[in-house]
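Here are my notes for your read-through. Please keep the coordinates open beside them.

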Amino acid sequence: MIRAGILRTAAIGLLCCAGSPVSGEEPGPAARLDRGEGGASGERIAVSADGTGFVLSETGRPWVGWGFNYDHDHAGRLLEDYWAEEWSIIEEDFREMRDLGANVVRIHLQLGRFMISADRADEASLERLSRLLALAGETGIYLNLTGLGCYHRADIPAWYDVLDEQERWQAQERFWEAVARTCAHSPWVFCYDLMNEPVLPGEDKVETDWLTGELGGKFFVQRISLDLAGRSRTEVVRAWIERMVAAIRRHDQQALTTVGVIPWAHVFPGAKPLFHGEEAGGKLDFVSVHFYPKSGKIAEALTALRVYETGKPLVVEEMFPLACTIDELGEFIDAGQAIVDGWIGFYWGKKVEDYGTADGIAGAMTRQWLQYFREKAAARKAAE
């Protein structure tokens with residue numbers, strides 16, 4: 001059965017040389033919505049003293065994320081498909097997202113574009129990531145760096161697909177070491193999201209494909225294991241998280257860590273957090289969940305959201321009026337403010353005024369969303 005989380009993520013997609021050693025020397029140049037936001041100061045984002053929210057590290061001022069997933073452009077191209085030749089587009093998009101009121105942008109980094117072998121990173125990609133950090137500082141936008149992406153099967157290196165579980169995890173560690181070493185100096189990294197929507201095989205099932213749920217030519221869901229091999233699900237998740245976080249902490253001890261998950265409590269009422277349960281996710285700094293409320297069922301979505309209130313900050317890392325009206329999504333956001341510390345929607349490289357009748361229903365939906373985002377950001381600013 002294709003999971004509801006896979007269906008909705010892929011549906012969103014339809015809207016639309018030499019390497020350097022991974023380890024070694026440092027690289028070259030390379031209500032809650034109105035509680036405050038980051039800006040030109042470049043203060044790092046930290047977890048508050050009571051552990052339940054975010055603050056700016058130097059002033060202690062509360063911070064709530066309000067921003068976008070910048071996962072592909074309006075033609076479906078991933079960031080790494082065009083950032084080498086069309087950097088001016090990225091600069092324009094970041095300024096547009098800032099002007100819409102964003103203080104955080106979620107970037108999706110593809111493993112195949114950052115690793116040229118299991119233990120060697122791609123220097124050119126790391127240089128472009130450094131350039132992106134500089135742009136974040138120029139625009140006053142914090143970055144959520146989501147890694148290990150395999151969204152386009154054609155971009156996955158042949159060497160990566162033949163690795164067994166432990167070899168694959170080691171390559172993933174090297175990816176995170178390279179990224180964290182490149183980014184450790186920058187206060188504009190809000191967090192490292194270890195992987196977008198990781199999943200596990202069934203208890204008694206051995207899988208053969210690391211990717212799952214192809215829709216629209218993209219794979220947003222990825223397995224971290226093909227075979228539990230007698231281990232509990234908690235054991236596998238805890239071991240994987242601890243290895244990824246340890247790789248990051250070898251170089252960056254300050255930026256926060258998380259994992260963006262499908263909220264199974266929204267799909268299957270009564271389900272409990274796995275990646276963000278205390279036994280498996282103790283090393284993570286905050287909880288990230290992806291919510292797409294259904295029309296007429298906002299109360300049910302809010303009930304599921306509360307399942308992920310674990311005593312850590314909580315971020316709705318993906319949201320969109322995909323299965324509900326914009327008013328209902330607004331109702332979900334307003335009612336969730338008491339427990340949510342960050343909200344991240346979508347921006348696909350087109351300005352509000354550029355969406356017209358030729359873009360059809362999907363374009364009208366996106367236009368509505370961007371208008372709502374801008375108005376909500378303005379209201380938040382006025383309430384400061």
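1. Overall burial. Of the 384 residues in the protein, 56% are buried. Buried means under 20% relative accessible area, exposed means over 50%, and partly exposed lies in between, with a 1.4 Å probe and protein chains only. The protein exposes about 14,800 Å², and carbon and sulfur atoms supply 50% of that area. Accessible areas come from the Shrake-Rupley method with a 1.4 Å probe; for residues, only the protein chains shown count as cover.

2. Basis. This is a predicted model: local features need pLDDT of at least 70, side-chain atom pairs count only at pLDDT 80 or more, and totals for chains, interfaces and linings use all residues. Residues are numbered from 1 along each chain as its sequence is written, and side-chain values use heavy atoms, with hydrogens and water left out.

3. Secondary structure. The protein has 13 helices and 17 strands. Both are DSSP runs, numbered from the N terminus: helices are H or I with at least four residues, strands are E with at least two.

4. The open sheet. Three strands form it, in the order β2-β3-β4, with antiparallel pairing. β2 (45-47) and β4 (62-63) are at the edges; each has a single partner strand, so one side of each lacks a neighbour in the sheet. Two strands pair if DSSP finds at least two bridges between them. β2 and β3 (residues 54-56) have three bridges, in the antiparallel sense. Within β3, Leu56 stands opposite Ile45.

5. Strand β14. Is β14 (residues 256-261) mostly covered or mostly open? It is mostly covered, with six of its six residues buried. In a regular strand the side chains alternate between the two faces of the sheet. Both faces of β14 are covered here: Leu256, Thr258 and Gly260 are buried on one side, and Thr257, Val259 and Val261 are buried on the other.

6. Partners of β14. Strand β10 (residues 189-196) runs parallel to β14, joined by four bridges. Cys191 has Leu256 of β14 as its bridge partner. Strand β15 (residues 287-290) also runs parallel to β14, through two bridges. There, Ser288 of β15 stands opposite Gly260.

7. Cysteines. The structure holds zero disulfides. A disulfide would be a pair of cysteine sulfur atoms within 2.5 Å. Cys191 counts as buried because its relative accessibility is 0%. Cys324 counts as buried too, at 9%.

8. Helix α7. Residues 165-183 make up this helix of 19 residues. Its first and last C-alpha atoms are 27 Å apart, close to the 27 Å expected at 1.5 Å a residue. That expected span is 1.5 Å times one less than the number of residues. α7 is mostly covered, with 15 of its 19 residues buried. At its start, a side-chain oxygen of Asp164 comes within 3.2 Å of the backbone nitrogen of Gln166.

9. Positive phi. Most residues other than glycine have a negative phi. Glu197 has a phi near 50 degrees, a positive value in a residue other than glycine. Glu197 lies in the loop between β10 and β11 (198-199). It is buried, with a relative accessible area of 0%. Ala229 likewise has a phi near 50 degrees. Its loop runs between β13 (221-223) and α8 (233-249). Ala229 counts as exposed, at 58% relative accessibility. Please look at both loops in the model.

Technical notes. Polar contact = N/O pair within 3.5 Å; in protein donor to acceptor, adjacent residues only side chain to side chain.
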